[in-house]
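Please walk me through this structure in the viewer. Tell me what to select at each stop and what is there.

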Amino acid sequence: MEIEQKQAQVIEHFVKQASTLQGSSLVSLIVQVTSHSSLFAFSEILAVPSVLELQGTDYAVYIDLLRLFAHGTWSDYKSNASLLPPLTPDQITKLKQLTVLSLAEINKVLSYDQLLEQLDLSNVRELEDFLINECMYAGIVKGKLDHLRRSFEVQFAAGRDLRPGQLGNIIQTLDDWLNTTDNVLLTIEEKIKWADKKCALNTIHQKQKAVKDKVEEVKKSLFNRGGRDFQALDDVLFGETAGLMDYEEDRTRTKRRRSPIY
């Protein structure tokens, strides 16, 4: 966020300057713009009417140079070096920094071999120094250098100017992403409903099982109590009552033996 705020201030400064200049004065400004250590976006300066008026003049090559810094890479410059002004050391460093940003837009893990080729660096030590001192310390990228695997893992990279026609592709990508997100949300909602239903069924099943267990417990309790009651009833019917019946029978028999009294 700090680099973006600082860059916004620098852009505003150069836009105001460019609006008041013409011809060769703009050439000097473009050299300053493409060499500035805190500037990595150029589309707003390219849109200044006085800058656009360079097209078709003897200075048209400088608006081409500004477009290269907005959208191109070091390899692009080498391929068209005969058609563009020579670069200062600061401009070369800037364009190589921008090249790293372009590569980071495509892949989040950049091999040292690719970086060495794209940046025209001769060895790994030189490459790692460039990534640390010119990119990470500048705040335009964050990542990890893996010396053993010979790669740079990008965790953050500042954005570059949009190329002509690129906005439409970005909008389409965002639309596709939104559609995918909607489908994912619908799937998640269905999963949540299924999970809620499953949870409710499990709760009902657990309650039913608890009720069944309770019923069985009550049944066993009633059965045990019923068995003891029946035993007590047996004692009454066939124990004490049987004794009374024998006593009554004995009394009857005794009465029959007694002689009558005259």
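Select leucine 185, which lies in helix α10 (residues 166-257); helices (H or I, at least four residues) and strands (E, at least two) are DSSP runs, numbered from the N terminus. This is a predicted model, in which local features need pLDDT of at least 70, side-chain atom pairs count only at pLDDT 80 or more, and totals for chains, interfaces and linings use all residues. Residues are numbered from 1 along each chain as its sequence is written, and side-chain values use heavy atoms, with hydrogens and water left out.

Leucine 185 has a relative accessible area of 45% and is partly exposed (buried means under 20%, exposed over 50%, partly exposed in between, with a 1.4 Å probe and protein chains only).

**Stop two: two helices**

Next select helix α5 (residues 60-71) and helix α7 (residues 89-106), which pack at an angle of about 40 degrees with their axes 8 Å apart. Axes are lines fitted to C-alpha atoms, for helices over the stretch in contact, and angles run from 0 to 180 degrees between N-to-C directions. Show Leu65, Leu68 and Phe69 in α5; they meet Gln91, Lys94, Leu95 and Leu98 in α7 (contact means heavy atoms within 4.5 Å).

**Stop three: two loops**

Go to aspartate 120, in the loop between α8 (112-119) and α9 (124-136). Its phi is near 55 degrees, a positive value in a residue other than glycine. Most residues other than glycine have a negative phi. Aspartate 120 is partly exposed, at 41% relative accessible area.

Finally, select arginine 150, in the loop between β2 (141-146) and β3 (151-157). Phi of arginine 150 is also positive, near 55 degrees, and its relative accessibility of 36% counts as partly exposed.
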